[in-house]
Amino acid sequence: MLIRNATIEDAAGIARVAIDTWRTAYRGLMDDEYLDNTSYERSEQGWQRGLAEKNCFTFVATDDDGRIIGFAHAGPERDGDPTYKCELYALYVLQEYQGRGIGKALFDKVAERFTSDGTGGMIIWVLTENKSRMFYEHINGRFIRRKTLTIGGRELEASAYGWDTPIES
């Protein structure tokens, strides 16, 4: 496995991981029709825009053949939190690669980047009913608060986890 900075050329691979992990992780939490109608092409276009954003960054994890198997996307905190200035927007690893330390390695790269930048603590929002939420508790994320999100026409509860500076997992 290799973890590296993402490039615009990685948009299709990131889109595939994003959609495939949503379909496995969120089945039963989100509307099936919403999940089934997500588009690799639309997602790729969104990732092309996201990867071009100057104030955000993305790391990808690749297998031995160079195929993207996970990614982490991060940047400035988006809700004006007074304590946490950085946000991990997304951290996804294909189901067949989970449990191998890839998510932790991606998290550590993001934390290293934020710590070296001196930009402050980090927060992530995760669906409260998502079983993978325990991953963030396992790597020393401290529960902060909850909020309601609307995704695919369904209201879902999200939980925030935070790490102070320096970010340690």
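In strand 7, S159 is the bridge partner of R146. This bridge belongs to the antiparallel pairing of strand 6 (residues 142-151) with strand 7 (residues 154-163), which runs over nine bridges; strands are DSSP runs of E with at least two residues, helices runs of H or I with at least four, both numbered from the N terminus, and two strands pair if DSSP finds at least two bridges between them. Two residues lie between the strands of this hairpin, where G152 takes a positive phi near 60°.

The model is predicted, so local features need pLDDT of at least 70 and side-chain atom pairs count only at pLDDT 80 or more, while totals for chains, interfaces and linings use all residues. Residues are numbered from 1 along each chain as its sequence is written, and side-chain values use heavy atoms, with hydrogens and water left out.

Helix 3 has S43, W47, G50 and L51 as its buried residues, buried meaning under 20% relative accessible area, exposed over 50% and partly exposed in between (1.4 Å probe, protein chains only). Seen down the helix axis, these buried residues fall within an arc of 90°, taken from the directions from the axis to the C-beta atoms, so they line one face of helix 3. The face turned away from that buried side carries the exposed residues E41, R42 and R49.
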